[in-house]
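Okay everyone, thanks for coming. Let me put the model up on the screen, and then we'll walk through it together.

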Amino acid sequence: MLKFLSKVKIEFNALDPRIASCMEFLAQCNARKAKESNPACQLQVKRRTDDHPPQITVTFVNGVEEAFDATSTPAQTIRTMILEKGQMLETEQMFREAGEKWPVIIPEEELHQSFPGTKVRIGRTS
């Protein structure tokens with residue numbers, strides 16, 4: 001998960017009962033496997049003393065920053081979103097390295113073509 005990120009900032013008040021997601025996400029970030037995937041990723045923990053809701057902010061390697069409300073978003077959901085976005089970043093990079101344009105735009109007429117090895121179903125009327 002961390003391999004797609006350059007920075008993770010986790011903010012919470014230790015007395016806030018809604019910090020479960022922050023603590024779980026922090027544990028995932030501190031796992032040996034996660035740290036080994038990207039040792040350069042900065043992990044910043046901000047312990048707050050005000051009533052600001054728990055928040056997790058991640059910065060992707062392409063500079064895009066995304067903040068998550070940790071009171072209503074489970075850590076696993078945040079992790080899944082990071083992995084999905086990371087896979088898109090890898091795909092984009094692969095296309096750009098191959099000299100292809102991104103995003104890939106498929107012409108409308110090609111969307112409706114059948115391809116070898118696929119079955120075309122024709123609706124029956126009885």
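Let me start with a question: with which residue does Glu92 form a salt bridge? The partner is Arg96, and the closest N and O atoms of the two are 2.9 Å apart. By salt bridge I mean a side-chain nitrogen of Lys or Arg within 4 Å of a carboxyl oxygen of Asp or Glu. Side chains of opposite charge can pair when their charged atoms come close.

Before I go on, some ground rules. This is a predicted model, where local features need pLDDT of at least 70 and side-chain atom pairs count only at pLDDT 80 or more, while totals for chains, interfaces and linings use all residues. Residues are numbered from 1 along each chain as its sequence is written, and side-chain values use heavy atoms, with hydrogens and water left out.

Back to our pair. Glu92 and Arg96 are four residues apart in helix α3, so about one helical turn separates them. Glu92 is partly exposed at a relative accessible area of 22%, and Arg96 is partly exposed too, at 48%. For those words, buried is under 20% relative accessible area, exposed is over 50%, and partly exposed is in between, with a 1.4 Å probe and protein chains only.

Now the overall picture. The protein has four helices and four strands, and from the N terminus the order is β-α-α-β-β-β-α-α. Those elements are DSSP runs numbered from the N terminus: helices are H or I with at least four residues, strands are E with at least two.

How big is the C-alpha trace along its principal axes? The spans are about 65 × 45 × 25 Å. The radius of gyration is 21 Å, whereas a compact globule of 126 residues would come out near 14 Å. That radius is taken over C-alpha atoms, and the globule rule is 2.2 Å times the number of residues to the power 0.38. As for burial, 28% of the 126 residues count as buried.

On contacts, meaning heavy atoms within 4.5 Å, take the ones between residues at least 6 apart in sequence: 67% of those join residues at least 24 apart.

The structure holds seven salt bridges. One of them joins the side chains of Lys3 and Glu90, at 3.4 Å from N to O. Lys3 sits in the segment before β1 (5-12) and Glu90 in helix α3, so this pair ties together parts that are 87 residues apart in sequence. Lys3 is partly exposed at 43%, and Glu90 is partly exposed at 39%.

Then there's Arg32 with Glu36, another salt bridge, at 3.3 Å from N to O. Both lie in helix α2, residues 32-37, four residues apart, which is about one turn of the helix. Arg32 and Glu36 are both exposed. And Glu11, Arg48 and Asp50 are linked in a network of salt bridges.

Let's look at Phe4, which is also in the segment before β1. Is Phe4 buried or exposed? Buried, with a relative accessible area of 7%. Leaving out residues up to four places away in sequence, Phe4 touches Phe60, Val61, Ile82, Leu83, Gly86, Gln87 and Glu90. So Glu90 turns up again, since it touches Phe4 and bridges to Lys3.

What about cysteines? A disulfide here is a pair of cysteine sulfur atoms within 2.5 Å, and by that rule the count is zero. Cys22 is in no disulfide, and its nearest cysteine sulfur, in Cys29, is 10 Å away. Cys22 is buried at 0%. For Cys41, the closest cysteine sulfur is also that of Cys29, at 6.9 Å, too far for a bond. Cys41 is buried at 13%.

Last stop, the surface. The protein exposes about 9,100 Å², and carbon and sulfur atoms supply 53% of it. Areas come from the Shrake-Rupley method with a 1.4 Å probe, and for residues only the protein chains shown count as cover. Val104, Ile106 and Leu111 make a nonpolar patch of about 270 Å². Patch residues have over 30% relative accessible area and no salt bridge; like charges are joined within 9 Å, nonpolar side chains (Val, Leu, Ile, Met, Phe, Trp, Tyr) within 5 Å. Val104 is in the loop between α3 (75-97) and α4 (108-111), and is partly exposed at 44%.
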